[in-house]
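Reader: I'd like a close look at one part of this thing, salt bridges and helix packing included. Spell out your cut-offs as you go, please.

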Amino acid sequence: MSEVRPALVELTIVRTKEFIRETEAVFWVFAFPLALAVALGFAFREKAPDRVPIGIEAGPHAQERLAALQKSPALLPRILPPDQARLSLSRGKISLLVEERAEVVFRFDPSRPDSRAARMEADDAIQRAAGRGDPLAVRDEKVSEIGSRYIDFLIPGLLGMNLMGTGMWGMGFSIVNARMRKLLKRLVATPMRKSEYLISQFLSRLVFLVLEVTILLGFARLAFGVRVNGSFVLLGVVCLLGGSAFAGLGLLTASRARTIEAASGIMNLVMIPMWLCSGVFFSYERFPERVKPLIRLLPLTALNDALRGVMGDALTLSQIASQLIVLTLWSAVSFVIALRIFRWQ
């Protein structure tokens, strides 16, 4: 007779095999992060910055101002009729409009960084053409070292986003799909405990965590030279806690949902604020000071900060302890609540 394995082991093996057979899930876990890294990595690769399109209102001084602005390597000026110039600015086709008046008038949206930069470049070009000189000599030094590039900021954010997405979607959809197919109802009749089922879902998620982290970081190293400056062991701990936190949230969101649509709505409600606020593609330091403490309590923010601290700044365990505590609390609290409110049908 073959040996009967514990229910937790059997459930973990079953869930792992189910995941491997889900082609779409494998794509989103392994292929999508690499495709996103390639697209964004090459979009922000080392190259000359794109010139900012600006408009010059047609008039007596238009050619003179066009000649002055064409000397700026950062601007792409063109003369436009007055009506078309205002429309182009309102539609975002140009970032700045130089109006035809006795004095130089810049019309732009100050909330747009490219418009503010274009305004300073245009003012500098026009003032120089009018004879302004610089009393002090200046020299630019461009920063392009590994570790200071945008791709070095981006990869930890993509890793954190991937751990969040696969943790929540992988866990949540698996449970809701089983509930819709009446599989959970059948499991009620077995001697398996509720905790064993939920833990097996969690363990099967961790099996693939090592693979997805290794593949993404390995690709980033080979394609873009992204390095891990800190401890690989500490990086593994951060990824484990991050994966646990989002697996717990995935279990929690699927504990009562009866349809895929309901689970999807709940998960989007949880994840969209973190996509926007947690510093995946840009730093959350741009947000007002009064909301930053709340942003830092989000699990994705804590995960991204810890990943960037270990990978970029070689921070130690004590230096990222606060982020690890946040992830641990999210993991423990979400799993405990999920265990209490979980329903088989």
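**Salt bridges and a helix**

Author: Glu289 counts as exposed, at 58% relative accessibility (exposed is over 50% relative accessible area, buried is under 20%, and partly exposed is in between, using a 1.4 Å probe and protein chains only). Keep in mind that this is a predicted model, where local features need pLDDT of at least 70 and side-chain atom pairs count only at pLDDT 80 or more, while totals for chains, interfaces and linings use all residues. Residues are numbered from 1 along each chain as its sequence is written, and side-chain values use heavy atoms, with hydrogens and water left out.

Glu289 has a partner in Lys292: their side chains meet in a salt bridge, 2.7 Å from N to O (a salt bridge puts a side-chain nitrogen of Lys or Arg within 4 Å of a carboxyl oxygen of Asp or Glu). Lys292, at 3% relative accessibility, is buried. Shared partners tie Glu285, Glu289, Lys292 and Arg296 into one salt-bridge network. By that rule the count comes to 8 salt bridges.

Now for the helix, α5, which covers residues 113-129 (helices are DSSP runs of H or I with at least four residues, strands are E runs of at least two, and both are numbered from the N terminus). Its 17 residues reach 25 Å from first C-alpha to last, close to the 24 Å expected at 1.5 Å a residue; that expectation is 1.5 Å times one less than the number of residues.

Asp123 pairs with Arg119, closest N and O atoms 3.9 Å apart, and both sit in α5, 4 residues apart, about one turn of the helix. Arg128 pairs with Asp124 at 3.1 Å, again 4 residues apart in α5. An α-helix has 3.6 residues a turn, so residues three or four places apart point the same way. Arg119 is partly exposed at 31%, as are Arg128 at 41% and Asp124 at 26%.
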